[in-house]
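Here is a briefing on one protein model. Look over the sequence and the fold first, then read the notes by topic.

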Amino acid sequence: MSSAPVSFQTAHRLYVKSLYKRSLKLSLDWYIRRDLWRQKALDIRHQFELNKNVTSPKELQKIFAKTEKQLEEFAHPDPYKLPMGPEGTKWERNIPPRMVRIHHCNIIDTVICLY
């Protein structure tokens, strides 16, 4: 069972959303504080709004290529990672002990096993 083919507009919309989300996430690598980051987020939104009404596929290709290039250039060499997330500073720190059954036997006259 295959789904219906995705229209150009739908594919275009999904790609633009992906670019927008990636732009915001990359900007968070440079601005840790949300109050400082908010202005950068508004600037990114404004850049996307400027190209909102472009419908020519050739122009869209150029805009997408330019945006991808900017994202590559803007990438942080040491991106921010959440402390408790994978590869964060607190990742797997103080892991709770594994809950395993300890088998302990004392041999006196008979074998007494404690479970």
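From the N terminus on, the elements run α-α-α-β-β. That gives three helices and two strands. Helices (H or I, at least four residues) and strands (E, at least two) are DSSP runs, numbered from the N terminus. This is a predicted model: local features need pLDDT of at least 70, side-chain atom pairs count only at pLDDT 80 or more, and totals for chains, interfaces and linings use all residues. Residues are numbered from 1 along each chain as its sequence is written, and side-chain values use heavy atoms, with hydrogens and water left out.

**Overall**

- Buried residues make up 15% of the 115 residues in the protein.
- Buried means under 20% relative accessible area, exposed means over 50%, and partly exposed is in between (1.4 Å probe, protein chains only).
- Take the contacts between residues at least 6 apart in sequence: 48% of them join residues at least 24 apart.
- Contact means heavy atoms within 4.5 Å.

**Helix 1 (8-30)**

- The 23 residues of helix 1 should span 33 Å at 1.5 Å a residue, and its end C-alpha atoms are 33 Å apart, which agrees.
- The expected span of a helix is 1.5 Å times one less than its number of residues.
- Buried in helix 1 are L19, S23, L24, L26, S27 and D29.
- These buried residues pack against helix 2 and helix 3.

- S23 is found in helix 1, and counts as buried because its relative accessibility is 8%.
- Leaving aside residues up to four places away in sequence, S23 touches I44, F48 and L71.
- D29 also lies in helix 1, and is buried with a relative accessible area of 15%.
- With residues up to four places away in sequence not counted, D29 touches H76, P79 and Y80.

**Helix 2 (residues 34-50)**

- Helix 2 has 17 residues, which should span 24 Å at 1.5 Å a residue; the end C-alpha atoms are 24 Å apart, in agreement.
- W37, A41 and I44 are buried in helix 2.
- Seen down the axis of helix 2, its buried residues fall within an arc of 60°, so they line one face of the helix.
- The arc is that of the directions from the helix axis to the C-beta atoms.
- The cover over the buried residues of helix 2 includes helix 1.

**Helix 3 (residues 57-74)**

- Helix 3 has 18 residues and reaches 25 Å from its first C-alpha to its last, close to the 26 Å expected at 1.5 Å a residue.
- Its buried residues are L60, I63, F64, T67 and L71.
- Down the axis of helix 3, the buried residues fall within an arc of 100°, so they line one face of the helix.
- On the other side of helix 3, K58, Q61, K62, K66, K69, E72 and E73 are exposed.
- Helix 1 is included in what covers the buried residues of helix 3.

**Packing of helix 1 on helix 2**

- The axes of helix 1 and helix 2 come within 10 Å and cross at roughly 155°.
- Axes are lines fitted to C-alpha atoms, for helices over the stretch in contact, and angles run from 0 to 180 degrees between N-to-C directions.
- Helix 1 and helix 2 are therefore roughly antiparallel to each other.
- Angles under 35 degrees count as roughly parallel, over 145 as roughly antiparallel, 65 to 115 as roughly perpendicular and the rest as oblique.
- The crossing of helix 1 and helix 2 is right-handed.
- A crossing is left-handed if the near helix is turned anticlockwise from the far one by less than a right angle, and right-handed if clockwise.
- From helix 1, V16, L19, Y20, S23, L24, S27 and L28 meet R34, W37, K40, A41, I44, R45 and F48 in helix 2.

**Packing of helix 1 on helix 3**

- Helix 1 and helix 3 pack at an angle of about 20°, with their axes 10 Å apart.
- That makes helix 1 roughly parallel to helix 3.
- Helix 1 passes helix 3 in a left-handed crossing.
- On the helix 1 side, the contact is made by F8, H12, Y15, V16, L19, R22, S23, L26, S27 and W30.
- On the helix 3 side, L60, F64, T67, E68, L71 and F74 take part.

**An exposed loop residue**

- M84 is in the loop between helix 3 and strand 1 (104-107).
- M84 counts as exposed, at 61% relative accessibility.
- Not counting residues up to four places away in sequence, M84 touches K90 and W91.
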